[in-house]
Amino acid sequence: MKIGQHHIESNLIVAPMAGVTDRPFRQLCKRLGAGLAVSEMVASSPALRGTAKSQRRIDHAGEVAPVVVQIAGADPDMMADAARYNVDRGAEIIDINMGCPAKKVCNLAAGSALLRDEALVASILDAVVNAVSVPVTLKIRTGWSRESRNAVRIARIAEQAGVAALSVHGRTRECAFVGEAEYDTIREVKSAVSIPVTANGDVDTPEKARDVLEHTGADAIMIGRAAQGRPWIFREVRHFLDHGTHLPPPEVQEVRGLILEHLADHHAFYGETVGVRTARKHLGWYAADLMGGDVFRHEMNRLDDAAAQIAAVGRFFDQLAALGDRLQYRPSAQAKVHSRSAFVAARASWVEEALAA
Ligand SMILES: Cc1cc2nc3c(=O)[nH]c(=O)nc-3n(C[C@H](O)[C@H](O)[C@H](O)COP(=O)(O)O)c2cc1C
(Lines give C-alpha, C1' and ligand atoms only; values in the text may rest on other atoms or scores of the structure.)
Protein backbone atom coordinates (compact mmCIF):
# COMPACT_ATOMS: atom_id res chain seq x y z
CA MET A 1 0.00 0.00 0.00
CA LYS A 2 1.18 3.53 -0.73
CA ILE A 3 0.43 6.50 1.49
CA GLY A 4 1.72 9.53 -0.36
CA GLN A 5 5.36 8.76 -1.12
CA HIS A 6 5.56 6.06 1.58
CA HIS A 7 5.46 2.48 0.45
CA ILE A 8 4.01 0.45 3.33
CA GLU A 9 5.49 -3.04 3.23
CA SER A 10 2.80 -4.81 5.27
CA ASN A 11 -0.88 -3.88 5.01
CA LEU A 12 -1.44 -4.60 8.70
CA ILE A 13 -1.72 -1.51 10.85
CA VAL A 14 -1.76 -0.99 14.61
CA ALA A 15 -4.79 1.10 15.59
CA PRO A 16 -4.14 4.24 17.60
CA MET A 17 -5.07 3.52 21.21
CA ALA A 18 -4.61 6.22 23.80
CA GLY A 19 -2.80 4.81 26.81
CA VAL A 20 -1.63 1.77 24.83
CA THR A 21 0.15 2.58 21.56
CA ASP A 22 3.03 4.51 23.06
CA ARG A 23 6.40 4.43 21.35
CA PRO A 24 7.63 1.18 23.00
CA PHE A 25 4.47 -0.68 21.99
CA ARG A 26 4.46 0.73 18.45
CA GLN A 27 8.07 -0.33 18.00
CA LEU A 28 7.27 -3.83 19.19
CA CYS A 29 4.31 -4.18 16.82
CA LYS A 30 6.37 -2.96 13.88
CA ARG A 31 9.07 -5.46 14.75
CA LEU A 32 6.46 -8.21 14.74
CA GLY A 33 4.98 -7.48 11.34
CA ALA A 34 2.88 -4.32 11.51
CA GLY A 35 3.52 -2.09 8.50
CA LEU A 36 2.37 1.07 10.22
CA ALA A 37 1.72 2.11 13.80
CA VAL A 38 -0.31 5.21 14.55
CA SER A 39 0.60 7.20 17.65
CA GLU A 40 -1.74 7.90 20.51
CA MET A 41 -3.86 10.93 19.77
CA VAL A 42 -2.24 14.32 20.41
CA ALA A 43 -4.56 17.20 21.31
CA SER A 44 -4.40 20.12 18.88
CA SER A 45 -4.64 22.80 21.54
CA PRO A 46 -1.28 24.55 22.12
CA ALA A 47 -2.26 24.94 25.78
CA LEU A 48 -1.87 21.16 26.25
CA ARG A 49 1.50 20.83 24.53
CA GLY A 50 3.63 21.31 27.62
CA THR A 51 2.18 18.46 29.69
CA ALA A 52 4.36 15.40 30.37
CA LYS A 53 1.81 13.26 28.52
CA SER A 54 1.91 15.45 25.40
CA GLN A 55 5.69 15.62 25.48
CA ARG A 56 5.93 11.83 25.63
CA ARG A 57 3.47 11.50 22.76
CA ILE A 58 5.67 13.58 20.48
CA ASP A 59 8.84 11.67 21.37
CA HIS A 60 9.58 9.55 18.31
CA ALA A 61 13.29 8.97 18.94
CA GLY A 62 14.46 5.85 17.13
CA GLU A 63 11.00 5.04 15.78
CA VAL A 64 10.87 2.99 12.59
CA ALA A 65 9.66 5.15 9.70
CA PRO A 66 7.17 6.33 8.72
CA VAL A 67 6.22 8.06 11.95
CA VAL A 68 2.43 8.61 12.04
CA VAL A 69 1.04 11.13 14.52
CA GLN A 70 -2.66 11.37 15.17
CA ILE A 71 -4.14 14.76 15.98
CA ALA A 72 -7.59 15.58 17.33
CA GLY A 73 -9.54 18.80 17.56
CA ALA A 74 -12.35 20.75 15.97
CA ASP A 75 -10.84 24.07 14.99
CA PRO A 76 -9.39 24.07 11.45
CA ASP A 77 -6.65 26.63 12.18
CA MET A 78 -5.65 24.91 15.40
CA MET A 79 -5.57 21.55 13.65
CA ALA A 80 -3.42 23.00 10.87
CA ASP A 81 -1.07 24.44 13.47
CA ALA A 82 -0.95 21.10 15.33
CA ALA A 83 -0.10 19.33 12.08
CA ARG A 84 2.79 21.73 11.39
CA TYR A 85 3.99 21.45 15.01
CA ASN A 86 4.12 17.65 14.77
CA VAL A 87 5.74 17.58 11.34
CA ASP A 88 8.46 19.86 12.74
CA ARG A 89 8.97 17.23 15.44
CA GLY A 90 9.30 14.23 13.17
CA ALA A 91 5.82 13.25 11.99
CA GLU A 92 6.00 11.81 8.47
CA ILE A 93 2.26 11.22 8.18
CA ILE A 94 -0.46 13.18 9.99
CA ASP A 95 -3.56 11.22 10.90
CA ILE A 96 -6.75 13.05 11.88
CA ASN A 97 -8.99 11.47 14.48
CA MET A 98 -12.66 11.60 13.55
CA GLY A 99 -13.27 8.16 14.96
CA CYS A 100 -12.95 8.39 18.68
CA PRO A 101 -16.23 8.33 20.63
CA ALA A 102 -14.73 9.28 24.00
CA LYS A 103 -16.75 11.98 25.72
CA LYS A 104 -13.61 13.91 26.46
CA VAL A 105 -13.10 14.24 22.73
CA CYS A 106 -16.75 14.41 21.65
CA ASN A 107 -17.74 17.09 24.16
CA LEU A 108 -15.33 19.33 22.38
CA ALA A 109 -17.12 18.35 19.17
CA ALA A 110 -13.96 16.61 18.06
CA GLY A 111 -13.31 12.92 17.33
CA SER A 112 -16.32 11.14 15.87
CA ALA A 113 -18.66 14.03 16.83
CA LEU A 114 -17.28 15.89 13.82
CA LEU A 115 -18.94 13.41 11.48
CA ARG A 116 -22.20 15.27 12.16
CA ASP A 117 -20.90 18.44 10.57
CA GLU A 118 -19.71 17.70 7.04
CA ALA A 119 -18.88 21.34 6.25
CA LEU A 120 -16.60 21.49 9.27
CA VAL A 121 -15.01 18.19 8.25
CA ALA A 122 -14.20 19.71 4.86
CA SER A 123 -12.72 22.86 6.47
CA ILE A 124 -10.52 20.86 8.84
CA LEU A 125 -9.27 18.55 6.10
CA ASP A 126 -8.55 21.45 3.72
CA ALA A 127 -6.72 23.35 6.44
CA VAL A 128 -4.56 20.41 7.52
CA VAL A 129 -3.76 19.14 4.03
CA ASN A 130 -2.71 22.65 2.97
CA ALA A 131 -0.64 23.21 6.11
CA VAL A 132 1.86 20.37 5.68
CA SER A 133 3.80 18.74 2.90
CA VAL A 134 3.52 15.22 4.37
CA PRO A 135 0.56 12.94 3.60
CA VAL A 136 -2.56 13.43 5.72
CA THR A 137 -4.76 10.45 6.56
CA LEU A 138 -8.17 10.32 8.22
CA LYS A 139 -9.71 7.88 10.69
CA ILE A 140 -13.50 7.76 10.88
CA ARG A 141 -16.36 5.63 12.07
CA THR A 142 -19.18 4.70 9.71
CA GLY A 143 -21.22 7.70 10.85
CA TRP A 144 -22.69 9.54 13.78
CA SER A 145 -25.55 7.13 14.45
CA ARG A 146 -27.11 4.10 12.79
CA GLU A 147 -29.59 6.43 11.06
CA SER A 148 -26.82 8.66 9.87
CA ARG A 149 -24.14 6.51 8.32
CA ASN A 150 -22.43 9.16 6.23
CA ALA A 151 -19.02 7.51 5.88
CA VAL A 152 -19.28 7.46 2.09
CA ARG A 153 -19.94 11.20 1.89
CA ILE A 154 -17.15 11.90 4.38
CA ALA A 155 -14.80 9.69 2.36
CA ARG A 156 -15.56 11.65 -0.83
CA ILE A 157 -14.98 14.93 1.02
CA ALA A 158 -11.66 13.55 2.24
CA GLU A 159 -10.54 12.44 -1.20
CA GLN A 160 -11.52 15.82 -2.62
CA ALA A 161 -9.48 17.57 0.07
CA GLY A 162 -6.36 15.59 -0.83
CA VAL A 163 -6.39 13.12 2.07
CA ALA A 164 -3.98 10.31 1.19
CA ALA A 165 -5.71 7.37 2.91
CA LEU A 166 -8.70 6.56 5.09
CA SER A 167 -9.31 4.11 7.88
CA VAL A 168 -12.85 3.19 8.79
CA HIS A 169 -13.95 1.58 12.05
CA GLY A 170 -17.10 -0.39 11.28
CA ARG A 171 -19.20 1.16 14.04
CA THR A 172 -21.05 4.43 14.35
CA ARG A 173 -20.26 6.96 17.03
CA GLU A 174 -23.44 5.96 18.84
CA CYS A 175 -22.35 2.30 18.87
CA ALA A 176 -19.32 3.12 21.04
CA PHE A 177 -17.81 -0.39 21.38
CA VAL A 178 -21.10 -2.20 21.69
CA GLY A 179 -22.22 -4.93 19.29
CA GLU A 180 -20.32 -6.26 16.33
CA ALA A 181 -18.53 -4.12 13.81
CA GLU A 182 -20.15 -4.14 10.35
CA TYR A 183 -18.17 -4.17 7.17
CA ASP A 184 -20.77 -3.36 4.47
CA THR A 185 -20.28 0.37 4.92
CA ILE A 186 -16.53 -0.07 4.70
CA ARG A 187 -17.05 -1.90 1.41
CA GLU A 188 -19.19 1.01 0.14
CA VAL A 189 -16.48 3.47 1.15
CA LYS A 190 -13.84 1.42 -0.63
CA SER A 191 -15.82 1.39 -3.85
CA ALA A 192 -16.61 5.12 -3.64
CA VAL A 193 -13.05 6.43 -3.48
CA SER A 194 -9.74 5.64 -5.10
CA ILE A 195 -7.47 6.44 -2.15
CA PRO A 196 -6.37 3.47 0.01
CA VAL A 197 -8.94 2.35 2.59
CA THR A 198 -8.14 0.46 5.78
CA ALA A 199 -10.82 -1.65 7.46
CA ASN A 200 -10.98 -1.62 11.24
CA GLY A 201 -13.08 -3.18 13.97
CA ASP A 202 -13.08 -6.53 15.79
CA VAL A 203 -10.34 -8.15 13.72
CA ASP A 204 -8.86 -10.64 16.16
CA THR A 205 -7.83 -13.72 14.20
CA PRO A 206 -6.02 -14.40 10.93
CA GLU A 207 -9.26 -15.77 9.44
CA LYS A 208 -11.17 -12.65 10.39
CA ALA A 209 -8.50 -10.49 8.77
CA ARG A 210 -8.80 -12.50 5.55
CA ASP A 211 -12.59 -12.38 5.60
CA VAL A 212 -12.74 -8.63 6.24
CA LEU A 213 -10.20 -7.95 3.50
CA GLU A 214 -12.21 -10.08 1.08
CA HIS A 215 -15.58 -8.65 2.07
CA THR A 216 -14.61 -5.00 1.99
CA GLY A 217 -11.97 -5.04 -0.74
CA ALA A 218 -9.98 -2.81 1.64
CA ASP A 219 -6.30 -2.24 1.07
CA ALA A 220 -5.30 -2.87 4.67
CA ILE A 221 -6.50 -4.08 8.05
CA MET A 222 -6.14 -2.14 11.29
CA ILE A 223 -5.96 -4.11 14.53
CA GLY A 224 -6.40 -2.53 17.95
CA ARG A 225 -7.56 -4.45 21.00
CA ALA A 226 -6.51 -7.87 19.73
CA ALA A 227 -2.89 -6.66 19.63
CA GLN A 228 -2.96 -5.90 23.34
CA GLY A 229 -0.87 -8.61 24.94
CA ARG A 230 -0.46 -10.26 21.58
CA PRO A 231 1.67 -8.02 19.36
CA TRP A 232 2.77 -11.13 17.45
CA ILE A 233 -0.75 -11.22 15.99
CA PHE A 234 0.64 -9.14 13.11
CA ARG A 235 3.13 -11.88 12.27
CA GLU A 236 0.45 -14.54 12.62
CA VAL A 237 -1.98 -12.71 10.35
CA ARG A 238 0.75 -11.91 7.82
CA HIS A 239 1.75 -15.57 7.62
CA PHE A 240 -1.84 -16.71 7.22
CA LEU A 241 -2.60 -14.16 4.49
CA ASP A 242 0.57 -15.07 2.62
CA HIS A 243 0.50 -18.86 3.02
CA GLY A 244 -3.00 -19.88 4.15
CA THR A 245 -1.57 -21.79 7.12
CA HIS A 246 -1.18 -20.96 10.79
CA LEU A 247 2.08 -20.33 12.54
CA PRO A 248 2.51 -22.45 15.65
CA PRO A 249 2.19 -20.55 18.96
CA PRO A 250 5.39 -18.58 19.65
CA GLU A 251 8.19 -20.14 21.66
CA VAL A 252 8.13 -19.38 25.38
CA GLN A 253 11.74 -18.18 25.35
CA GLU A 254 11.11 -15.81 22.45
CA VAL A 255 8.09 -14.28 24.18
CA ARG A 256 10.01 -13.99 27.45
CA GLY A 257 12.68 -12.02 25.57
CA LEU A 258 10.12 -9.83 23.79
CA ILE A 259 8.27 -8.98 26.99
CA LEU A 260 11.44 -8.25 28.94
CA GLU A 261 12.63 -5.95 26.16
CA HIS A 262 9.22 -4.28 26.02
CA LEU A 263 9.35 -3.82 29.79
CA ALA A 264 12.85 -2.32 29.74
CA ASP A 265 11.88 0.05 26.93
CA HIS A 266 8.67 0.96 28.77
CA HIS A 267 10.47 1.67 32.07
CA ALA A 268 13.06 3.78 30.25
CA PHE A 269 10.39 5.72 28.33
CA TYR A 270 8.22 6.58 31.34
CA GLY A 271 10.77 6.49 34.15
CA GLU A 272 10.50 3.89 36.92
CA THR A 273 7.63 5.29 39.00
CA VAL A 274 5.17 5.85 36.16
CA GLY A 275 6.62 3.02 34.06
CA VAL A 276 6.06 0.28 36.64
CA ARG A 277 2.46 1.38 37.10
CA THR A 278 1.61 1.73 33.41
CA ALA A 279 3.39 -1.52 32.48
CA ARG A 280 0.90 -3.48 34.61
CA LYS A 281 -1.84 -3.34 32.02
CA HIS A 282 0.48 -4.66 29.29
CA LEU A 283 1.71 -7.46 31.56
CA GLY A 284 -1.88 -8.28 32.49
CA TRP A 285 -2.79 -8.53 28.81
CA TYR A 286 0.23 -10.68 28.04
CA ALA A 287 -0.72 -13.10 30.79
CA ALA A 288 -4.50 -13.01 30.30
CA ASP A 289 -4.77 -16.06 28.06
CA LEU A 290 -1.82 -18.00 29.42
CA MET A 291 -1.74 -20.84 31.93
CA GLY A 292 -1.22 -19.36 35.40
CA GLY A 293 -1.97 -15.86 34.10
CA ASP A 294 -4.43 -14.94 36.86
CA VAL A 295 -1.96 -15.53 39.68
CA PHE A 296 0.69 -13.59 37.80
CA ARG A 297 -1.64 -10.62 37.22
CA HIS A 298 -2.50 -10.57 40.89
CA GLU A 299 1.13 -10.53 41.89
CA MET A 300 1.92 -7.84 39.32
CA ASN A 301 -0.53 -5.38 40.85
CA ARG A 302 1.31 -5.53 44.18
CA LEU A 303 4.79 -4.85 42.87
CA ASP A 304 6.00 -1.30 42.59
CA ASP A 305 9.61 -1.37 41.54
CA ALA A 306 11.11 -2.19 38.18
CA ALA A 307 13.50 -4.92 39.37
CA ALA A 308 10.68 -6.80 41.14
CA GLN A 309 8.47 -6.52 38.05
CA ILE A 310 11.24 -7.88 35.82
CA ALA A 311 11.98 -10.73 38.26
CA ALA A 312 8.27 -11.69 38.40
CA VAL A 313 8.12 -11.89 34.60
CA GLY A 314 11.18 -14.17 34.70
CA ARG A 315 9.52 -16.46 37.27
CA PHE A 316 6.28 -16.59 35.29
CA PHE A 317 8.14 -17.61 32.16
CA ASP A 318 10.12 -20.25 34.07
CA GLN A 319 6.76 -21.80 34.97
CA LEU A 320 5.56 -21.58 31.36
CA ALA A 321 8.82 -23.12 30.11
CA ALA A 322 8.22 -26.10 32.40
CA LEU A 323 4.95 -26.73 30.53
CA GLY A 324 6.53 -26.87 27.09
CA ASP A 325 8.62 -25.03 24.51
CA ARG A 326 5.71 -23.11 23.05
CA LEU A 327 3.18 -20.81 24.65
CA GLN A 328 0.22 -22.70 26.01
CA TYR A 329 -3.04 -20.82 26.08
CA ARG A 330 -5.64 -21.63 28.68
CA PRO A 331 -8.28 -24.07 27.38
CA SER A 332 -10.94 -21.34 27.28
CA ALA A 333 -8.63 -19.13 25.25
CA GLN A 334 -7.68 -21.93 22.87
CA ALA A 335 -11.25 -22.21 21.61
CA LYS A 336 -10.79 -18.90 19.90
CA VAL A 337 -7.27 -18.09 18.82
CA HIS A 338 -7.54 -15.04 20.99
CA SER A 339 -9.94 -14.68 23.87
CA ARG A 340 -12.24 -11.91 22.74
CA SER A 341 -14.62 -11.66 25.61
CA ALA A 342 -12.66 -9.20 27.73
CA PHE A 343 -11.98 -6.99 24.76
CA VAL A 344 -15.43 -7.05 23.25
CA ALA A 345 -16.74 -6.12 26.69
CA ALA A 346 -14.71 -2.94 26.58
CA ARG A 347 -16.93 0.09 26.60
CA ALA A 348 -16.36 3.68 25.61
CA SER A 349 -15.95 4.50 29.29
CA TRP A 350 -12.85 2.37 29.28
CA VAL A 351 -11.53 4.33 26.32
CA GLU A 352 -12.24 7.51 28.25
CA GLU A 353 -10.31 6.18 31.21
CA ALA A 354 -7.40 5.41 28.94
CA LEU A 355 -7.59 8.87 27.41
CA ALA A 356 -7.62 10.50 30.82
CA ALA A 357 -4.69 8.42 32.12
C1 LIG B 1 -8.02 1.93 24.84
C2 LIG B 1 -8.38 2.48 23.50
C3 LIG B 1 -7.93 3.72 23.12
C4 LIG B 1 -8.27 4.25 21.85
N5 LIG B 1 -7.76 5.45 21.49
C6 LIG B 1 -7.99 5.92 20.23
C7 LIG B 1 -7.37 7.11 19.78
O8 LIG B 1 -6.62 7.77 20.50
N9 LIG B 1 -7.64 7.51 18.51
C10 LIG B 1 -8.47 6.80 17.67
O11 LIG B 1 -8.67 7.21 16.53
N12 LIG B 1 -9.06 5.66 18.08
C13 LIG B 1 -8.81 5.20 19.32
N14 LIG B 1 -9.35 4.00 19.70
C15 LIG B 1 -10.14 3.20 18.73
C16 LIG B 1 -9.21 2.20 18.00
O17 LIG B 1 -8.25 2.88 17.22
C18 LIG B 1 -10.02 1.26 17.08
O19 LIG B 1 -10.69 2.03 16.12
C20 LIG B 1 -11.03 0.43 17.86
O21 LIG B 1 -10.46 -0.12 19.03
C22 LIG B 1 -11.60 -0.71 16.98
O23 LIG B 1 -10.60 -1.59 16.58
P24 LIG B 1 -10.39 -3.03 17.31
O25 LIG B 1 -11.71 -3.73 17.31
O26 LIG B 1 -9.36 -3.72 16.48
O27 LIG B 1 -9.94 -2.74 18.72
C28 LIG B 1 -9.06 3.48 20.97
C29 LIG B 1 -9.51 2.22 21.36
C30 LIG B 1 -9.17 1.69 22.60
C31 LIG B 1 -9.65 0.32 22.97
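Analyst: Two strands are taken to pair if DSSP finds at least two bridges between them, and helices (H or I, at least four residues) and strands (E, at least two) are DSSP runs, numbered from the N terminus. The model is a predicted one, in which local features need pLDDT of at least 70 and side-chain atom pairs count only at pLDDT 80 or more, while totals for chains, interfaces and linings use all residues. Residues are numbered from 1 along each chain as its sequence is written, and side-chain values use heavy atoms, with hydrogens and water left out.

The sheet is open and has nine strands, paired in parallel in the order β4-β3-β11-β10-β9-β8-β7-β6-β5. Its edges are β4 (36–37) and β5 (42–43), and because each has a single partner strand, one side of each is left without a neighbour in the sheet. The parallel strands β5 and β6 (residues 68–72) are joined by two bridges, and valine 42 stands opposite isoleucine 71 in β6. Helix α7 (residues 184–192) packs on the sheet, where it touches β8 (136–143), β9 (165–172) and β10 (197–200), and its direction makes about 175° with that of β10. Helix α8 (residues 206–216) also packs on the sheet, touching β10 and β11 (220–223), with its direction at about 135° to that of β11. Contact here means heavy atoms within 4.5 Å; axes are lines fitted to C-alpha atoms, for helices over the stretch in contact, and angles run from 0 to 180 degrees between N-to-C directions.

Two loops deserve mention. In the loop between α2 (52–57) and β6 lies proline 66, which a cis peptide bond with omega of about -5° joins to alanine 65. Aspartate 202, in the loop between β10 and α8, has a positive phi near 65°, although the residue is not glycine.

Aspartate 202 is also among the residues that come nearest the ligand, together with Pro16, Gln70, Asn200 and Arg225, out of the 19 residues around it (a heavy atom within 4 Å). For polar contacts (pairs of N or O atoms within 3.5 Å; within protein, one must be able to donate a hydrogen and the other to accept it, and residues adjacent in sequence count only if both atoms are side-chain atoms), a side-chain N or O atom of glutamine 70 lies 2.7 Å from a ligand nitrogen.
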